[in-house]
Amino acid sequence: MRYLHTMVRVTDLDAALHFYGTLFGLTEVRRIESEQGRFTLVYLAARDDLDQAKSASAPLLELTWNWDHEDYTGGRNFGHLAYEVDNIYETCQKLMDAGITINRPPRDGHMAFIRSPEGISIELLQKGERLAPQEPWSSMANTGSW
């Protein structure tokens, strides 16, 4: 397993970039804009992590700016922790066998979400290419929120 990023939702991308970049000293290493999804993702790295962040896409801070205004309450501005795993199906099965709810199953062979005992959302991402869809994951419904 490898730590990837922490996601924080922001309501003002310019103000967030001023804070995290100009004032705090993080450097933008990647940006994704989705017209269809109506969001922008900006990935930032600390100075000492910059080379690794550029080559391995980790460790990063992900700023998520949803173009349509939303008030974030109850800590919703904090998104999730993200970890890359060798086999998403095996990892989810191991967690399920231990009593952990898979909130968003890896139906696509690429991404799943669970929650910590404190309710922190954790994203699991398949290392490398996504795995071929397989049961029981393909037909498993979401449980709760992530």
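**Entry 1: terms and model**

I began with the rule that two strands pair if DSSP finds at least two bridges between them, and I noted that helices (H or I, at least four residues) and strands (E, at least two) are DSSP runs, numbered from the N terminus. The model is predicted, so I kept in mind that local features need pLDDT of at least 70 and side-chain atom pairs count only at pLDDT 80 or more, while totals for chains, interfaces and linings use all residues. Residues are numbered from 1 along each chain as its sequence is written, and side-chain values use heavy atoms, with hydrogens and water left out.

**Entry 2: the sheet**

In which order do the strands of the open sheet stand? I read the order of the seven strands as β2-β3-β4-β1-β5-β7-β6, and the pairing is mixed. Because β2 (27-34) and β6 (111-115) stand at the edges with a single partner strand each, one side of each has no neighbour in the sheet. From one strand to the next, the twist averages 25°, where axes are lines fitted to C-alpha atoms (for helices over the stretch in contact) and angles run from 0 to 180 degrees between N-to-C directions.

I reminded myself that strands of a sheet pair through backbone hydrogen bonds, either parallel or antiparallel. I then went through some of the pairs:

- β1 and β4 are parallel and share six bridges, and I found Thr6 opposite Leu61 in β4.
- β1 (residues 2-10) and β5 (residues 78-85) run antiparallel and are joined by six bridges; Arg2 has Glu84 in β5 as its bridge partner.
- β3 and β4 run antiparallel, also with six bridges between them, and Phe39 has Asn66 in β4 as its bridge partner.

How many of the seven residues of β4 are buried? I noted five, so β4 is largely enclosed by the rest of the structure; buried means under 20% relative accessible area, exposed means over 50%, and partly exposed lies in between (1.4 Å probe, protein chains only).

**Entry 3: helices and a surface patch**

I looked up which strands helix α3 (residues 88-97) lies across, and found β5, β6 and β7 (121-126), with the helix running at about 145° to β7.

On the surface I found a nonpolar patch formed by Phe19, Leu23 and Phe24, which together have about 360 Å² of accessible area. Patches are made of residues with over 30% relative accessible area and no salt bridge, like charges being joined within 9 Å and nonpolar side chains (Val, Leu, Ile, Met, Phe, Trp, Tyr) within 5 Å. The areas come from the Shrake-Rupley method with a 1.4 Å probe, and for residues only the protein chains shown count as cover. Phe19 lies in helix α1 (residues 13-23) and is partly exposed, with a relative accessible area of 42%.

Asp86 lies in the loop between β5 and α3 and is exposed, at 58% relative accessible area. Although Asp86 and Arg2 are 84 residues apart in sequence, I found them 9.2 Å apart in space, C-alpha to C-alpha. With which residues is Asp86 in contact, leaving aside its neighbours within four places in sequence? They are Gln126 and Lys127, contact being heavy atoms within 4.5 Å.

A salt bridge is a side-chain nitrogen of Lys or Arg within 4 Å of a carboxyl oxygen of Asp or Glu, and by this rule I noted eight of them. Asp86 forms one with Lys127, with the closest N and O atoms 3.9 Å apart. Since Lys127 is in the segment after β7 and Asp86 in the loop between β5 and α3, the pair ties together parts that are 41 residues apart in sequence. Asp108 forms another with Arg130, at 3.7 Å between the closest N and O atoms. This pair links the loop between α3 and β6, where Asp108 lies, to the segment after β7, where Arg130 lies, 22 residues apart. Salt bridges that share partners also join Glu28, Arg31 and Glu33 into one network.

**Entry 4: backbone details**

I noted that most residues other than glycine have a negative phi, and most peptide bonds are trans. Arg38, in the loop between β2 and β3 (39-45), has a positive phi of about 60° although it is not a glycine. Ser57, in the loop between α2 and β4, has a positive phi of about 55° and is not a glycine either. The peptide bond from Ala58 to Pro59 is cis, with omega near -5°, and the bond from Glu135 to Pro136 is cis with omega near 5°. Pro59 is found in the loop between α2 (50-56) and β4 (60-66), whereas Pro136 is found in the segment after β7.
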